[in-house]
Amino acid sequence: MVTPENSGGGLAAGFSRFWWGEAVSGFGSAVTLLALQTLVVVTLQGSAVEVGWLNSARWLPYLVLGLVVGALVDRGRRRPLMMATDLTRGVLLTLIPAAWAFDFLGFPLLLVLVVLFGTASLINDAASMSFLPRLVSRSHLQRAHARLDGADAVAQTAGPAVAGALIRVLGAPLAVLVDALTYLFSAAMVASLRGVPEPPAEPPATRSVRGLVAEIREGARWVYAGSGLGRLAVATHVWFAAQAVLLVVIAPYAFLQLQLSPFALGLVLAVGGMGALIGALLSTAVGNRLGT
C-alpha cells in the first residue's frame, strides 16, 4: 500500500495520522457494507425490499440533512466533531451484535441504528472534508486527496474479501464489530492532531434559523453557479442514485439467485475495487498534466 510516509511529496506528519484514521475506518466500512447486507438477507431472512430499506436508512440523512449539517459544521471546530462522531459510530455498530446476542435484533431496530449511524457519518464526512485544507497547504491538496482516495480504493478492494472471510468465521453480526473498532482507532488518530489552526466556534448569540437558511442558500448558489462545480455536482447526484440502485439489488441477487456465499460475493466486490485503485494511483499524475 502507498502510504504518506513512503510516497514523498512533503505532506505533513499530521496528515499521516489523519490518513491512517481515514484508511482504517474506510476499511472497516467496507466490511460493514457486506456484513449488514448479509445480516438482512441471510440472518434476518429478508428480501431485496428489506435491503432497499437498509440502504435508504443509511443514506437518508445525507438527503434530508446534508445542506443543514454542512452549514452547521462551518460554524464550529471540525476536530471535536470528528472525534465525537467516530466514537458515536463505534458505539452504534457495537449495539448491533449486542442486540443479536440477546436475541433482540429485529429489522426495525436495525433500521433505527443505521439511520443514526448515517447521521453521524454525515457530520463526520462534512467535518473531515473541510478539515483537510486546514491540515495541508493548498499546493499539496491534490496529492493529499489522491492519497485518501488511494486508501479508499484499497479498502474497496480488500475490504469485501476480508468481510466475506470474517462472515464465514464469525457470522455477520460479529463481523460488524470490526468496523466499530476501526472508528475507535480513527477517533484516537484525530485526537492526536494537535496544533491544527481552526477558527473558534461561533457564539450562540450569532446563530439563528434565518442566518442558517441564508448560509445554505449562499452555499448552494456558490456550488451550482459561482464555483463552476455545477456539472460535477449534477454528475455526482446521478452517480449516487445509480449506485444506490446497484447496492440494493446486488446482495439479494448474489445470495438468493446465484446462491453465492458471503465470501464469494466479497471476492466479486473486491475485483470491482481494483478500478478505483488504479484510478487513485493515476489521478495525481493525470491531474498535474491536464489540470484537475
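User: What is the mean pLDDT of the chain?

Analyst: The mean is 81, and 91% of the residues reach 70 or more. Over residues 5-9, though, the pLDDT is below 50. Where pLDDT is low, the predicted coordinates should not be read in detail.

User: Where does helix 6 bend?

Analyst: A bend at a residue is the angle between axes fitted to the seven residues ending there and the seven starting there. Helix 6 (residues 141-170) bends by about 35° at Ala158, and Pro160 follows within four residues. After the helix comes Gly171, with a positive phi near 95°.

User: How far apart are the end C-alpha atoms of helix 10?

Analyst: You get the expected span from 1.5 Å times one less than the number of residues. Helix 10 (residues 262-290) has 29 residues and should therefore span 42 Å; its end C-alpha atoms are 41 Å apart, which agrees. Helix 10 also bends, by about 45° at Ser283, and Gly291 just after it takes a positive phi of about 95°.

User: Is Arg78 buried or exposed?

Analyst: Buried means under 20% relative accessible area, exposed over 50%, and partly exposed in between (1.4 Å probe, protein chains only). Arg78 has 4% relative accessibility, so it counts as buried. Arg78 sits in helix 4 (residues 78-101). Contact means heavy atoms within 4.5 Å; beyond neighbours within four places in sequence, Arg78 contacts Val73, Ala127, Ser130, Phe131, Arg134 and Glu198.

User: Which residues touch the most other members of the largest nonpolar core?

Analyst: A nonpolar core is a set of buried Ala, Val, Leu, Ile, Met, Phe, Trp, Tyr and Cys residues joined through side-chain atoms within 4.5 Å. Among the 32 residues of the largest one, they are Leu36, Leu39, Leu93, Ile96 and Leu110. Helix 2 gives the most to this core, with 7 residues. Another core, of 21 residues, lies apart from it and includes Val73 and Phe131.

Methods
Residues numbered from 1 in each chain as written. Predicted model: local features only at pLDDT ≥ 70, side-chain atom pairs only at ≥ 80, totals over all residues. Heavy atoms only, no water. Helix = DSSP H or I, 4+ residues; strand = E, 2+ residues; numbered from the N terminus. pLDDT = per-residue confidence, 0-100.
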